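Subject: Structure handover, chain A and chain B

Hi,

Here is the structure we talked about. Please take a look, then read my notes below.

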Amino acid sequence: MKRKISRLGLSILFLAPVIFVYSIFIFLPMLSSLYYSFTEWNGVTDTAFVGLKNYKSLLADSDYWVVFFNTIKLVIITLVVQIPMGLIIAFLLYSKTRGMKIFRTIYFLPVVIAPVAIALMFSLFYNSEIGIFNIILEAVGLDMLKKNWLSDTHTLLYAVMAPQVWQYIGLYVTIFLGALQSIPEELMESAQIDGANKYKTFLHIILPQISSFTSICTVLCITGSLKAFDHSWIMTGGGPGVRSAYLGVYMYKTAFVNSDFGMGSTITITIITVSLIITGILNMITTMKSNN
Amino acid sequence: MKKNIKKTFALGLAIVMCIGLVGCGNKPSSSSSSTDSTKVPSAAATDEGSKAEKVSITIATNWGEGDSKYDYFYPAFQKFQEENADTMDLKLVTYSTEDYKTKIKVQTASGDLPDVFTYWGGSMINDMKDAGLLLEADQYFSDSKAVKRDDFNPSSFDYYTAADGKTYGVPIESTRGVFLANKDIFAQYGLEYPTTYEELKAVSKVFNDNGIIPLAMASSGGTPSEFFFSELYNQYAGAEDELKNLTSSREFATDNAIKVATNIQDMIDNKMFPEDTVANGGWAACLQLYTDKKAAMTYTYPWMFESIPDDIQNSSEVVAIPMLPDATVDPATMMTGFTVYGFEINKKSYEDTAKHDAMVKVCDFLASNELSTELTKSGMIPAKNIEVDLSTQKVIYQKMMAFSEGKKLIQVHFTTMPDADAITMMDSSLDELFIKALTPQEFVNKVQSVLDKNN
């Protein structure tokens, strides 16, 4: 009994700093955001309790829905592009081991560069006057594809998404490469002896073996997209209007630029809610899969 | 025994982690993006006696490195700092303009405003004023022996005067909007400066045919489009009064606003502006098209004069904006001219008896003739009634002042808009208008909806 208590005490002792920090910097701000979401507050004067008014206004706000769907589009595009690209590149590196370490470093390099630097670099690339994208298109005779990337409503959002999607592919390459290297050699050899070609080996051996890594990458992808901020803010400030803004940018503009902390908190709560819903769905799918 | 060692080790580790956290939390420093010019006190100055006498004062501004005023402000500040090193620990905190606005807003929310800080007026100070954080400027004027209210142009206080009739800031900078034309480019194509919209269309066609952008005007975060919009707005009947009364009427959605927005879109259709209005938006990017001779005309403000090379200043003429269709006020008779910047005094710091005298001294420095005279070298028009020796100013400054002779000075939406978030909405909606993502009516409605919501 005494031993159990002492083990419990030791666990609490080790966990206490983390719980303390997590409570101070995550749980308490979340709770206070929840409270402020029911208030009208400019950050200076006293808060005024307004009940669900902020939520009703937000749901009736067309800009909010533009931003919401921008964020959903980002989630989908990162899922569709980053994970398959990461997996394909990792598989290619895994198959051709020569120079793998160098390529792995090269692919991972953008991940460690500050998003602000990447965003600034791309905003220069997109510039219609001096940007390299239009210059390259012109040089290769594809003038018809030249665009005002950030001033065209058809390309704007995707132009802002592109650097973010590109930057983090390397992260998934590294994760998948680690996953591929952890597959037992015997399994691959058995498949080859049984006559499985590379395609079948990939589909029936590799993919199931790395499914837990795929789940982790999916969660990282989704959470990364839901809290996306830097690229949009640096390249366009979320604009023109809110056309290239994500929920994080919209929350920041509402709270810190317009000094509407009540509404800003309401947006924060919607971000948390969306995150929880998606995480819940993912957990359900994972549980169902593991049960099967 | 072994267990006890483990437990002791674990306990020790936990304590070290906690101490580490506390240590991290205690790091006393301003943001890495700020310029902290606090002087390290000498050994003699750190003794008990000196500590008691010295007063710590924080001045915040956006006139940091990269700003056109930095080269003129910072030496003056350093001189002031050295002269008062015995009595004050002066700390200068600087940020780039947009970061600075956010920083001050956050500090307003946390009740931690700098002691004295340069800032805009109008709706930008509403929250601080409502929270009672700002000192009435008249109180400072009554305490100061060096600076009096009469030293300033009376109208310069309008921007800092709230609905309660009290003034909550000391103006430093007045400004004028200038429409510049490159006379060499016009001469090269045998063109005259356009005075009507039809003429503007005609010269634009010639410039476009020759690969030159007619008018460097774009919109990113509402710059410089917002002031350009107001400049055009003033050409229409009744617009001047509408602008003047905007604070009380809260009516942005006027027929004139729709007319101007419609004309801007017509200008876009006629390819008068650069195609990429977002990438070329912002004061610097927009002006650069003109200074690189990629554009024949531009609309800018004196705070950008520092970025105009001498040869471009020489080849530039300040001309009147062409008259728009249906306009009734001749643009050659007016130009935008208003107080745009000044400084605020933290009421709490000012009323702190230990700080009071030092605060007055710092305010005297910011409102001094010497500093204003220095800042004119960056292109600033002083809000104070001081004689500016034009011969020592930039060529473009001289041309601007010559052009403004006898002109009626008019307001802009930026100074009379009653709510700061309505300005933000105007800026972001102008960006949308410029890429034709909004119709003129939608643009006007978006701004009006913010004013209505806040009413």
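A:N42 is buried, because its relative accessible area of 19% falls under the 20% cut-off. Keep in mind that this is a predicted model. A:N42 lies in the loop between β1 (39-40) and β2 (48-49) of chain A. Leaving aside residues up to four places away in sequence, A:N42 touches A:S259, A:F261 and B:D127. Its side chain makes two contacts worth checking on screen:

- The A:N42 side chain reaches the backbone nitrogen of A:V44 at 2.8 Å.
- The A:N42 side chain also makes a polar contact with the side chain of B:D127, at 3.2 Å.

Now the interface as a whole. Here 32 residues of chain A contact 37 residues of chain B. The two chains bury about 2800 Å² between them, with 61% of that on carbon and sulfur atoms. On the chain A side, A:V44, A:E129 and A:S151 lose the most area to chain B. Together these three account for 18% of what that side buries.

Two salt bridges are found across the interface. B:K446 and A:D63 meet through their side chains in a salt bridge, 3.5 Å from N to O.

Which elements of chain A give two or more residues to the side that touches chain B? They are α1 (2-36) and α13 (247-257). α1(A) gives the largest share, seven residues. By type, the residues on that side of chain A divide into 15 nonpolar, 12 polar and five charged.

Best wishes

How values were computed. Residues numbered from 1 in each chain as written. Chains lettered and ligands numbered in written order. Predicted model: local features only at pLDDT ≥ 70, side-chain atom pairs only at ≥ 80, totals over all residues. Heavy atoms only, no water. Contact = heavy atoms within 4.5 Å. Buried area = accessible area lost by both parts, 1.4 Å probe. Salt bridge = Lys/Arg side-chain N within 4 Å of Asp/Glu carboxyl O. Helix = DSSP H or I, 4+ residues; strand = E, 2+ residues; numbered from the N terminus. Nonpolar A, V, L, I, M, F, W, Y, C, P; charged D, E, K, R; others polar. Buried < 20%, exposed > 50% of the residue type's maximum accessible area, 1.4 Å probe, protein only. Polar contact = N/O pair within 3.5 Å; in protein donor to acceptor, adjacent residues only side chain to side chain.
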